[in-house]
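Here is a short walk through a protein model. Take it one part at a time.

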Amino acid sequence: MKNKSIKDVLTSTEMINVYIIVALSMVIGSINSNFLSVATVITLSRAIMVTMIFALGEMLVIVSGGIDVSFPAVACAALFVPIKLMVDNGINNVWFAFGLAIIIGLVFGALNATLTAVVKLPPLIATLGVSSLINGGMLAFFGSKEISNLPKAVDAISQKFLFTYTAPTGATYSLTVLFLIPVILCIGVALMLKYTMLGRGIYAIGGDQNAARIAGFNVVRIKYFVYMFAGAITGLGAMCYCILCRTANPKNLMGSEMMVIAAIVVGGTRISGGHGKVIGTVLGVVLVGLIQNNLIMAGVPAYWQKFVVGLVIVLGTSITSLKAKKIAQSAKV
Amino acid sequence: MAEVFLKLEGIKKSFGGVRALKGVDLEIRKGEVHCLAGENGCGKSTLIKVISGAHDPDEGNIFIEGKKVENLKPIDSIRMGIQVIYQDFAVFPNLTVAENIAMNRALMTGAKKMDWKEARKLAIEAMEMIGAKMDPDILVERLSVANKQMVAICRAIINDAKFLILDEPTTALTAKEVEKLFKIIRKLKEKGIAIMIVNHKLDEIYEICDKLTVLRNGEYVSNGDITEYDRARFIRDLTGRDIEEIKYSPEEDENEILRVEHLTRVGAFEDVSFTLKKGDVLGITGLLGSGRGELGDALFGLAPAQSGKIILNGKEIQIHSIQDAMNNKIAYVPEDRLTQGLFLERSILDNTMAASIKNYFKKGKLDYKAMEIATDDWIKTIGVATPSAKPAIRTLSGGNQQKVAIAKWLNTSPDLLVLNGPTVGVDIGSKSDIHAILHRLAKGGVGIIVISDDLSELVQNCNKMIVMRNGKVAEVIDNTVDETTLADMLSGKQGG
């Protein structure tokens with residue numbers, strides 16, 4: 001925007017995230033000189049890429065004024081069901097794996113959208129219900145046994161790399177080709193949000209649903225798009241997770257929703273809807289990922305990590321909330 | 001005479017047996033400012049929805065520019081140049097001014113892409129057209145109510161509007177902002193745009209409107225040039241009864257109820273002193289930001305005063321919190337009843353009991369029988385139009401809602417009742433009912449303070465007024481003052 005003052009830019013949520021990330025990196029780096037290295041960037045990229053994919057879908061849902069706590073369950077189903085089918089029936093096709101994962105995501109996304117936009121349940125209740133439904137169904141049909149020998153074609157992806165870096169110590173660090181997925185998704189979603197009427201519609205219904213309806217947005221259709229898109233990329237992210245872990249676990253991802261939602265909110269997305277940017281979400285995910293994965297390098301005991309993550313969430317969200325409050329109370333122009 | 005833009009004949013509309021419109025005629029000409037007047041619940045909103053295509057009438061004909069239209073849908077109505085600006089403006093707080101203004105056009109043309117340059121250009125053009133000055137890149141949540149309205153008007157006129165409907169446009173505006181709005185309306189009128197304003201503030205109607213149509217209970221009552229209506233006829237047509245406009249002048253009484261000395265809250269008001277005697281209805285007025293509202297908040301402990309004395313019925317009291325105020329039998333009807341004064345989804349009974357519920361605990365149980373009796377009493381005493389105490393507050397008209405907000409506090413049998421904007425958005429009939437209640441209470445020995453910027457309300461109902469300017473008491477006057485002088489005092493043009 002043209003008329004933004006330098007002060008506004010420097011105190012934006014994005015920049016605050018950047019400051020914290022830089023400060024944290026310096027602290028960890030000063031304690032452990034191994035931290036500031038290409039190797040860290042590669043391991044961190046790999047560690048956060050699935051969270052990033054989930055966070056993008058969830059962000060769209062939150063911006064539209066909703067919330068989706070069902071994505072971990074959807075992800076479990078979307079990674080386990082295709083692999084189970086493939087192993088049982090001897091299918092060995094990577095497109096089948098990704099395709100079915102996406103379709104499963106779409107179906108549950110459509111269910112979420114129907115419950116929130118048509119039946120008009122509060123989104124938290126609707127997606128909690130769907131989450132429980134999937135979770136129970138998974139347990140009933142498949143138990144909790146994981147599949148550790150993935151179909152060959154699928155497993156092969158885990159050995160495809162964008163590049164490999166050899167550290168001075170001789171250790172090698174490789175960046176998976178799957179990393180392209182969140183990169184492309186981020187760019188695509190950012191452009192969609194900013195330059196299409198559909199994207200603006202998502203902001204509009206998150207800002208004031210009634211006003212959006214009066215203005216002529218098809219609120220129901222936009223909600224279907226948002227939940228189904230979020231479902232689809234959840235499926236995509238889930239299959240990535242499965243390949244990165246080289247095993248299909250029917251419940252490992254359960255409980256990851258709080259961390260993802262926290263990363264989004266830390267990144268400046270307002271939980272009440274209408275505000276949020278891809279860049280903020282990327283930074284939020286990086287920040288939370290940094291804390292989760294690298295605090296141990298700074299000598300912080302593992303059991304303190306949860307505490308620190310909690311602290312960052314509380315502080316990060318407080319800043320966003322205080323800023324919103326300040327805007328609400330500030331002199332109007 | 002200018003061409004007729006819109007003509008309605010015998011419009012009827014019922015909702016599940018309730019007849020909202022019982023045959024309404026209306027004729028709007030190009031370039032005229034037409035007022036649709038009527039008390040709350042008279043069918044104004046339904047009529048607007050019929051015109052905008054949101055409701056299909058059960059019977060009757062609609063003609064737009066001479067052509068009969070059937071089966072009008074919202075998008076058709078917009079394409080024919082009809083634009084409605086709703087009371088809440090329906091703007092997006094999270095989007096920029098430019099985007100808000102350009103959004104509807106983009107949706108109308110079915111654009112798939114968002115063209116930011118075009119949006120900015122359109123917004124600037126529209127703002128120039130009505131003489132509004134706003135930063136097109138600022139988020140609407142940072143705008144004042146008046147400027148949000150400007151955004152809504154800009155958005156309406158870029159869609160080649162021929163007929164603009166403004167639903168109660170002045171409710172949330174200050175006097176100065178109203179003036180500015182009227183200037184814009186006159187500008188649009190010169191361009192040949194027909195304008196219909198829904199309003200029930202008499203002074204404003206006389207100032208801006210050419211024509212008037214009055215509805216009552218869904219029925220067409222009368223229409224004509226504004227010059228054909230004097231105040232008495234207007235009020236009679238609106239309410240169906242004669243309402244006398246006499247000033248409130250109680251008998252002198254030396255018993256002092258409230259004495260406030262040197263009350264100060266930094267940044268809000270300073271050194272405020274006044275007294276309130278038995279029978280007094282004390283008015284506190286001033287422009288927005290003069291400290292009038294803050295003074296009310298301080299008396300009720302919302303944002304307590306930092307220094308000064310408050311003496312109620314001869315006893316000095318300390319008010320540091322709402323609890324203190326309530327313990328000292330002070331009651332406060334806040335400015336915004338919808339967000340601060342009422343539980344909209346709850347029943348009349350629940351709301352009436354909300355401030356005094358602890359009086360109904362008997363042996364650890366709530367005495368529902370007593371609560372029902374008390375609520376029914378209040379419904380009768382203050383004249384809430386409702387079949388029972390059960391309906392949710394949301395379903396009542398503004399006037400009836402406000403009566404319940406007042407009843408809630410009266411049920412605590414207060415010694416001092418402070419009302420901030422007691423009749424904002426309340427129709428004339430209920431307004432006069434509320435005023436009568438206040439007078440009755442004052443005579444019965446309850447101290448009444450009315451904080452308001454509705455000058456005619458103050459002059460008629462308060463026997464004593466305090467004018468505040470920049471946080472200080474600028475004038476203390478009685479009700480012999482006229483509205484114009486009072487308005488000048490508010491802005492500091494007159495007096496010291």
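Start with A:Ala238, which sits in helix α11 (residues 219–245) of chain A. Helices (H or I, at least four residues) and strands (E, at least two) are DSSP runs, numbered from the N terminus. At 0% relative accessibility, A:Ala238 is buried. Buried means under 20% relative accessible area, exposed means over 50%, and partly exposed lies in between (1.4 Å probe, protein chains only). Beyond its neighbours within four places in sequence, A:Ala238 is in contact with A:Phe54, A:Ala75, A:Ala78 and A:Leu79. Contact here means heavy atoms within 4.5 Å. A:Ala211 lies 27 residues from A:Ala238 along the chain, and 36 Å separates their C-alpha atoms.

A word on the basis of all this. This is a predicted model, in which local features need pLDDT of at least 70 and side-chain atom pairs count only at pLDDT 80 or more, while totals for chains, interfaces and linings use all residues. Residues are numbered from 1 along each chain as its sequence is written, chains are lettered from A and ligands numbered from 1 in the order in which they are written, and side-chain values use heavy atoms, with hydrogens and water left out.

Now turn to where the chains meet. Here 28 residues of chain B are in contact with 25 residues of chain A. The area buried between chain B and chain A is about 2300 Å², and carbon and sulfur atoms give 61% of it. Buried area is the accessible area (1.4 Å probe) that two parts lose on being put together, summed over both. Two salt bridges cross the interface of chain B and chain A. A salt bridge is a side-chain nitrogen of Lys or Arg within 4 Å of a carboxyl oxygen of Asp or Glu. B:Glu99 and A:Arg200 form a salt bridge through their side chains, at 2.4 Å from N to O. Between chain B and chain A, seven residue pairs are in polar contact (both at pLDDT 80 or more). A polar contact is a pair of N or O atoms within 3.5 Å; within protein, one must be able to donate a hydrogen and the other to accept it, and residues adjacent in sequence count only if both atoms are side-chain atoms. On the side of chain B that touches chain A, α3 (97–108) and α4 (116–130) of chain B each supply at least two residues. The largest share, five residues, comes from α3(B). By class, that side of chain B has 15 nonpolar, five polar and eight charged residues. Ala, Val, Leu, Ile, Met, Phe, Trp, Tyr, Cys and Pro count as nonpolar, Asp, Glu, Lys and Arg as charged, and the others, Gly among them, as polar.

Chain B itself has two parts. Its domain assignment gives domain 1 (4–239) and domain 2 (256–491). Such bounds come from an automatic or database domain assignment. The C-alpha centres of domain 1 and domain 2 of chain B are 33 Å apart. In chain B, 10 residues of domain 1 are in contact with 13 residues of domain 2. About 820 Å² is buried between domain 1 and domain 2 of chain B, with 58% from carbon and sulfur atoms.

Look next at helix α1 (residues 44–51) of chain B. Six of its eight residues are buried, so α1 of chain B is largely enclosed by the rest of the structure. Among them are B:Leu47, B:Ile48 and B:Val50. B:Gly53 follows α1(B) and has a positive phi, near 85 degrees.

Salt bridges also form within chain B. B:Asp58 and B:Lys13 pair through their side chains, at 3.8 Å from N to O. B:Asp58 lies in the loop between α1 and β4 (59–64) of chain B and B:Lys13 in strand β1 (residues 4–15) of chain B, so the pair ties together parts 45 residues apart in sequence. B:Asp58 is partly exposed, at 46% relative accessible area, whereas B:Lys13 is buried, at 11%.

Finish with a backbone detail. Most residues other than glycine have a negative phi. B:Asn71, not a glycine, has a positive phi of about 55 degrees. B:Asn71 is exposed, with a relative accessible area of 52%.
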